[in-house]
Amino acid sequence: MQDLDGSNQGAVLQNGREILFQAFNWESHKHDWWRSLERKVPDIAKSGFTSAWLPPATHSFSPEGYLPQDLYSLNSSYGSEHLLKALLHKMKQHNVRPMADIVINHRIGTTQGHGGKYNRYDGVPLSWDERAVTCCTGGLGNQSTGDNFHGVPNIDHSQPFVRKDIIQWLRWLRTSVGFQDFRFDFARGYAPKYVKEYIQESKPIFSVGEYWDSCNYNGCRLDYNQDSHRQRIINWIDNTGGLSTAFDFTTKGILQEAVRGELWRLRDPQGKPPGVMGWWSSRAVTFIDNHDTGSTQAHWPFPSGHIMEGYAYILTHPGIPSVFYDHFYDWGEPIHDQIVKLMNIRKNQGIRSRSSIRIVEAQPNLYSAIIGEKVCMKIGDGTWCPTGREWTLATSGHRYAVWQK
């Protein structure tokens with residue numbers, strides 16, 4: 001059992017040393033996942049990850065876990081409750097915090113109710129009636145406080161009985177199951193004030209929200225100025241009371257265009273990094289790909305020939321970097337080892353989420369920056385190295401190099 005006094009809550013945001021690992025992809029449910037991951041825990045810990053985001057652990061209508069039904073059943077396509085608890089125990093032994101994927105925007109009904117729709121939850125814990133489902137998605141609840149997730153019943157978080165049950169479930173995940181961190185799925189679907197309440201009441205050590213909407217495009221071309229896009233993510237963080245971080249989709253969108261010969265995009269008009277990282281770095285979780293954008297779904301993939309440039313950028317910069325399972329374990333040992341090397345430099349040189357940054361060059365084929373006055377880096381084809389004997393080359397690879405003092 002873990003306490004819920006919240007003494008560690010906020011401390012990790014304060015020290016800013018987090019490096020997250022997304023420990024699955026879209027196909028993981030086919031591969032005896034809890035057992036498979038348990039074998040990798042020592043390497044995940046040794047590599048320097050502080051938290052590992054696991055796929056949804058509760059019973060789901062779909063094998064990937066994102067259509068939850070019985071929230072208290074821990075037998076899923078990823079493995080049994082017994083195997084999950086063995087994995088969490090191993091992670092605790094190795095001091096890697098397990099992050100639960102919290103899918104509470106929608107829930108698949110068990111029984112037909114009002115209008116002949118599956119909008120009741122009978123015969124399972126959290127047995128709700130049609131009032132728990134928003135009226136826009138076939139229930140008798142209120143209007144949604146966010147965007148609709150189409151085709152399934154959306155949960156009405158404005159109902160006090162719903163929030164009370166969700167808080168009880170989140171506390172159970174924390175105290176009885178052993179999850180320490182939370183990732184809020186489809187955070188656009190309900191008001192961030194509810195995320196604030198859920199965090200305050202269940203006290204995860206670290207939280208991150210998936211607030212994903214489209215970047216600003218002019219036809220097919222990405223606009224240079226993405227201020228309104230990052231402002232929407234900032235507003236969401238702000239409305240959680242700053243208790244949650246958010247995935248920095250702005251940085252991803254800009255970075256994956258920039259590495260194709262448009263590295264000038266990586267400096268905004270004020271001379272700062274152009275994503276959420278440039279405005280509120282201690283709440284920006286930077287990443288290259290995840291189970292939606294990459295993997296077999298490939299909704300918005302990072303260009304495969306530029307992966308290490310992407311990691312050289314996020315692992316040396318302010319913000320809270322996150323590494324994707326596929327790149328770390330499926331793309332071969334050289335990529336794994338190059339990522340670990342960058343993580344070691346970050347740790348050894350004391351780069352944190354709030355570290356200072358000076359962007360030196362942002363040209364079409366060259367980007368360079370000095371971070372925390374202890375690390376400098378470049379990506380792109382252009383030639384550049386820091387002046388001064390105090391700098392030594394720490395690591396380099398295809399189209400990237402990093403120096404340290």
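**Before you start.** This is a predicted model: local features need pLDDT of at least 70, side-chain atom pairs count only at pLDDT 80 or more, and totals for chains, interfaces and linings use all residues. Residues are numbered from 1 along each chain as its sequence is written, and side-chain values use heavy atoms, with hydrogens and water left out.

**Stop 1: aromatic pairs.** Rings of Phe, Tyr and Trp (its six-membered ring) pair if their centres lie within 6.5 Å; planes under 30 degrees apart are stacked, over 60 edge-to-face, the rest tilted. The structure has 23 such pairs.

Now select Phe249 and Phe287. This pair is edge-to-face too, at 5.0 Å and 80 degrees. Phe249 is in helix α7 (residues 249-258) and Phe287 in the loop between β11 (284-286) and α8 (307-314), so the pair ties together parts 38 residues apart in sequence. Helices (H or I, at least four residues) and strands (E, at least two) are DSSP runs, numbered from the N terminus. Phe249 and Phe287 are both buried.

**Stop 2: charges over rings.** The rule: NZ of Lys or CZ of Arg within 6 Å of the ring centre and within 35 degrees of the ring normal. The charged end of Arg107 sits over the Trp128 ring, 4.9 Å from its centre. Next, pick Arg230 and Trp279: Arg230 lies over the ring face, 3.8 Å from the centre.

**Stop 3: cysteines.** How many disulfides are there? Zero, counting a pair of cysteine sulfur atoms within 2.5 Å. Select Cys135: its nearest cysteine sulfur, on Cys136, is 4.6 Å away. Cys135 is partly exposed, at 37% relative accessibility. For Cys376, the nearest is the sulfur of Cys385, 8.6 Å away. Cys376 is buried, at 0%.

**Stop 4: positive phi.** Select Leu126. Its phi is positive, about 60 degrees, although it is not a glycine. Leu126 lies in the loop between β5 (118-120) and α4 (160-177) and is buried, at 10%. Finish at Lys203, another non-glycine with a positive phi, about 55 degrees. Lys203 is in the loop between α5 (192-202) and β7 (206-209) and is partly exposed, at 23%.

How values were computed
Buried < 20%, exposed > 50% of the residue type's maximum accessible area, 1.4 Å probe, protein only.
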